[in-house]
Amino acid sequence: MNRGSAHRLALIKEGFAMVRSNLVASALIATIVALISGAVLATTGQTAAQEAAVLSTIDDAGTRTITIREGSGGPGFDRDALPRILALSDVESAIGLGQTFDVRNEARRGGGEPVPTRVVFGGPNADLVVAQGRWPLPGEAAVGDGAMPRLGLEVPSGSVGSVEFEPVAVVGSFRGAGPFANLANGVLVGAAPEDTTMRLVVVVASAPEEVAGLAAAVVEVLSPDDRLSLRIETSEQLANVRQAVQGELGRFSRELIVFVLAGGLALTTVTVLSAVTLRKRDFGRRRVLGASRSAIVVLVLTQTAVSAVVGSAVGTVAGLAIVRQVAEAVPPWSFVVGVGTLALLAALVAAMLPALLAARRDPVRVLRVP
Amino acid sequence: MISVEELTFRYKRRGEELFSGLSFSFPSGEMTAIVGPSGAGKSTLLYIVGLMLSPTSGDVLWDGEIVSTLADAERSRLRAARVGFVFQDAALDSTRTVAANVAEGGLYAGVPRSVITRRRRDLLDRFGVMLRDNHRPGEVSGGQAQRVALARAMIKDPDIVLADEPTGNLDEAAADVVMEALAERAAGGAVVIVATHDTRLAGIASRRLELTS
Ligand SMILES: Nc1ncnc2c1ncn2[C@@H]1O[C@H](COP(=O)(O)OP(=O)(O)OP(=O)(O)O)[C@@H](O)[C@H]1O
Ligand SMILES: [Mg+2]
């Protein structure tokens, strides 16, 4: 370590020592910062938690889903379209569904409940996941977890079939969420090579705001010539609601944060100002002993920073506890860390002016007044 | 060596003029006593040669170079590196230990910690306050406090020592310790300047600057 940085380190250590020797002022600064971060967290943290919760509910309801089917009597979509849709940008997942029929558990010899079954094109995704076993290959079946009891199955095994259809082997079970929740009440059969036609295509966009553009692109892939006969269900309305919710909650939190921060900033300025004024002889002595103006600023800011870090930590923990109690939810971590950092920065900004004043005071005049 | 040339100083624009074109030199290796009645400007002159106040007109020279016109940061650096200052009222930090107070004398010059620790022991030992190393200034006597302040001034091994009434509040024995230390510093080659009413202290100085009001 060179002499310059050793010197700076010694100054910062001195700043730490000043925290202890000015315990009252340091505790006051820590308290104010704790109140800022605690208040922001306790109030807007609740909002942030609510916002996250509301948004995820809306997302669950399928704001990002595009469902496309043909008008009655159309020829359906060629299965080759599916890989082309998956290749579009902003697609999170896509599956195609083919013809519908009912199946029963083969082991029950024609008895048992009929369960709706669809031919499926494409693989599992984030909302349509394998629960046990594996995803069905062509000519195999997977049973939705809602359909397992209806088929009398404990584990996905055996085979299912019907009067019209050959029995197919059950190789797994699956769960469905969001737009695929209903599928979990039935059976999916992997599309065999001779199944070439999709009746319905379900596409999930990567973000709600991409839905409109993506819907157009999907239509272009499926049926460039004959768009009018398509029935498209998007969730643009839901997406609009989502955006409105986000904007409203966001504006409310921002105003609150600005308000609390401004108040805290003023309080901290006054506290640090009175602290350095009370200790002007202390700073005068330091100046005479050789402290430069910047050394004084470093001392004041270090003292403030140390107090503020303590306060910010305490306030964050307390604020989080309050939010947990009241909202029974935790705001996103980025929000929590952001609030703590913001309170700390606000304290440093607030200390800047008093620090400069302390540094510019005439040491001789200060020392003369006993 | 320190000298002042054609020095004039006013606290306020229209305030009374101090020194009125004073030229004087304070040689290295000698102790100079600034004497004169109260209000004559003894403390003021110390602050000016120590670069804490800037002359209204005239110059302060250190080793032949004009230093009174330097920027504040540069003057602070010079003061930190070279000046040991002894305040009339000791001016210790009452919230810190005696040891921390002495160490502060080397803080702004960046004197390494190990050096500070070693010298602090020597100095406090020599000045007879060793046993009170970890006490707070509130727990030591006025005479002891002044010796702690002296140790703080000496810890950076300054080649300029400025002392404002360093024996003002001391009994004879305590004053002797301080006077000895100052004389020794001068004998070691430093510029030593004391502002004092104390005729004993003024008596051991080899040079004298008499200010009149
Ligand atoms: N900030 C100031 N503004 C105006 N005048 C001041 C200021 N500080 C000191 N003075 C005046 O400057 C003059 C010199 O003061 P100084 O303290 O240097 O005198 P001194 O010789 O050290 O006196 P003493 O022996 O009492 O310590 C005094 O008349 C004092 O009133
Ligand atoms: Mg004086």
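In this predicted model, helix H6 (280–288) and helix H9 (363–368) of chain A each supply at least two residues of the lining of the largest cavity, where helices (H or I, at least four residues) and strands (E, at least two) are DSSP runs numbered from the N terminus. Because the model is predicted, local features need pLDDT of at least 70 and side-chain atom pairs count only at pLDDT 80 or more, while totals for chains, interfaces and linings use all residues. Residues are numbered from 1 along each chain as its sequence is written, chains are lettered from A and ligands numbered from 1 in the order in which they are written, and side-chain values use heavy atoms, with hydrogens and water left out.

**The largest cavity**

- A cavity is a set of points, on a 1 Å grid over the protein atoms alone, where a 1.4 Å probe fits but cannot get out, whereas a pocket is an open set with protein on both sides within 12 Å along at least five of seven lines; lining residues have an atom within 4 Å of a point.
- By this rule there are 3 cavities of 30 Å³ or more, and the largest cavity holds about 40 Å³ of space, a volume being the space filled by probe spheres set on grid points that are joined across faces, edges and corners.
- The largest cavity is lined by A:Lys280, A:Phe283, A:Gly284, A:Arg287, A:Ala358, A:Arg361, A:Pro363 and A:Val366, and H6(A) gives the most to this lining, with 4 residues.
- By class, the lining of the largest cavity has 4 nonpolar, 1 polar and 3 charged residues, where Ala, Val, Leu, Ile, Met, Phe, Trp, Tyr, Cys and Pro count as nonpolar, Asp, Glu, Lys and Arg as charged, and the others, Gly among them, as polar.

**The largest pocket**

- The largest pocket contains about 640 Å³ of space, and of the 25 residues that line the largest pocket, A:Ala10, A:Lys13, A:Glu14, B:Arg96 and B:Arg113 lie nearest its centre.
- Both chains take part in the lining of the largest pocket, to which helix H1 (3–21) of chain A and helices H3 (98–107) and H4 (113–126) of chain B each supply at least two residues; H1(A) gives the most, with 9 residues.
- The lining of the largest pocket divides into 11 nonpolar, 6 polar and 8 charged residues.

**The contact between chains A and B**

- Chain B brings 27 residues to the contact and chain A brings 22 residues, contact meaning heavy atoms within 4.5 Å.
- Chain B and chain A bury about 2300 Å² between them, 55% of it on carbon and sulfur atoms; buried area is the accessible area (1.4 Å probe) that two parts lose on being put together, summed over both.
- In chain B, the residues that lose the most area to chain A are B:Arg96, B:Leu107 and B:Tyr108, together 27% of what that side buries.

**Sheets of chain B**

- An open sheet of 4 strands in chain B has the order E2-E1-E4-E5 with antiparallel pairing, two strands being paired if DSSP finds at least two bridges between them.
- Strand E2 (18–26) and strand E5 (65–66) of chain B stand at the edges of this sheet with a single partner strand each, so one side of each is left without a neighbour in the sheet.
- Helix H1 (residues 42–49) of chain B packs on the sheet, touching E1, E2 and E4 of chain B, and its direction makes about 60° with that of E2(B); axes are lines fitted to C-alpha atoms, for helices over the stretch in contact, and angles run from 0 to 180 degrees between N-to-C directions.
- Strand E1 (residues 2–9) and strand E4 (residues 57–62) of chain B pair in the antiparallel sense over 5 bridges, and the bridge partner of B:Glu5 in E4(B) is B:Asp59.
- A further open sheet of chain B has 5 strands in the order E6-E7-E8-E3-E9, with parallel pairing, and its neighbouring strands are turned by 15° against each other on average, direction ignored.

**Strand pairing around E8 of chain A**

- Strand E5 (residues 128–133) of chain A runs antiparallel to strand E8 (residues 168–176) of chain A and is joined to it by 5 bridges, whereas strand E6 (residues 140–144) of chain A pairs with E8(A) in the parallel sense over 5 bridges.
- Strand E7 (residues 159–161) of chain A pairs with E8(A) in the antiparallel sense over 2 bridges, and E7(A) and E8(A) form a hairpin with 6 residues between them.
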